[in-house]
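Here are some notes to read with the model open beside you.

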Amino acid sequence: NRISYVNPMLCEIFGYTKDELIGTSPLDYLDEKNAAIFMEQVRNRREGKSEVYELEWSRADGRRVLTLISPRGLYDEYGNYTGSFGVIADITERRRAEELMLQNEKMMTVGGLAAGMAHEINNPLSIILQGVQAAQLRLSAEYESNRALAAKAGTDLARVREFLEKSEIFSYLDGISEAGMRAADIVSSMLQFSRPSSGM
């Protein structure tokens, strides 16, 4: 478990010089979790099994670098494990790009769900708001047509309004209208969220 050879690219990935790396242990650059992964892979190679795996290392500047390791075990003439060599590729930026793409896909899915929900809510909400508005207009004493309909039904619109005010029906209608408008604002926000933004 000692480093015996590195090429210039590995020095660049790790941020150390060749002389600083040669003779050190890979464990010197690994946290506990990644050290356990590394030692498990070493045990596998001792048993003749090699597999590509990922490790996160600490660079000289303290930054973390994610690598893809393609190792191959080295064995003596008797089949005893003597070490390993392989290729270490820096996949930090690639993984970030993959995570960003995944996040974008999730946001697009959420946006699609938001748009679907907004449209589903909007239809019954419109009916509720239109119904409340129609009821408020029909009960308004300002319109002659309302007074005529009340008289035709054998009652006085002023007395109907008095009853509705005392029983707080108008307050209920105002509350439904206010709540409906708040819901409409939420629906509008959901539709805004679901629309793709244009980059400058």
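This is a predicted model: local features need pLDDT of at least 70, side-chain atom pairs count only at pLDDT 80 or more; totals for chains, interfaces and linings use all residues.

1. Is Y75 buried, partly exposed or exposed? With a relative accessible area of 33%, Y75 is partly exposed, where buried means under 20% relative accessible area, exposed means over 50% and partly exposed is in between (1.4 Å probe, protein chains only).

2. Residues are numbered from 1 along each chain as its sequence is written, and side-chain values use heavy atoms, with hydrogens and water left out.

3. On confidence, the protein chain has a mean pLDDT of 87, pLDDT being the predictor's confidence in each residue, from 0 to 100. A value of 70 or more is reached by 96% of the residues. Helices (H or I, at least four residues) and strands (E, at least two) are DSSP runs, numbered from the N terminus.

4. Now the aromatic rings. Rings of Phe, Tyr and Trp (its six-membered ring) pair if their centres lie within 6.5 Å; planes under 30 degrees apart count as stacked, over 60 as edge-to-face and the rest as tilted. The count by this rule is four aromatic pairs. One of them joins Y75 and Y81 edge-to-face, with 5.9 Å centre to centre and 65° between the planes. Ring pairs also link F14, Y16, Y29 and W57 into a cluster.

5. Between β2 (64-75) and β3 (81-90) is a loop that holds Y78. Y78 is exposed, at a relative accessible area of 67%. Have a look at Y78 and L137 too: they are 59 residues apart in sequence, and their C-alpha atoms are 98 Å apart in space.

6. How many salt bridges are there? The count is 13, a salt bridge being a side-chain nitrogen of Lys or Arg within 4 Å of a carboxyl oxygen of Asp or Glu. D31 forms one with R64, the closest N and O atoms being 2.9 Å apart. D31 lies in the loop between α2 and α3 and R64 in strand β2, so this pair ties together parts that are 33 residues apart in sequence. R64 also meets E56 in a salt bridge (3.3 Å, N to O).

7. E54 and R95 meet in another salt bridge, at 2.5 Å from N to O. This pair links distant parts of the chain, with E54 in strand β1 (residues 53-58) and R95 in helix α4, 41 residues apart. E54 is partly exposed at 32% relative accessibility, and R95 is partly exposed at 24%. Salt bridges that share partners join E54, R94, R95 and E98 into one network.

8. Two loop residues are worth a glance. S25, in the loop between α2 and α3 (32-46), is buried, with a relative accessible area of 7%. E168 is found in the loop between α6 (157-166) and α7 (169-194). The phi of E168 is near 65°, a positive value in a residue other than glycine. For background, most residues other than glycine have a negative phi.
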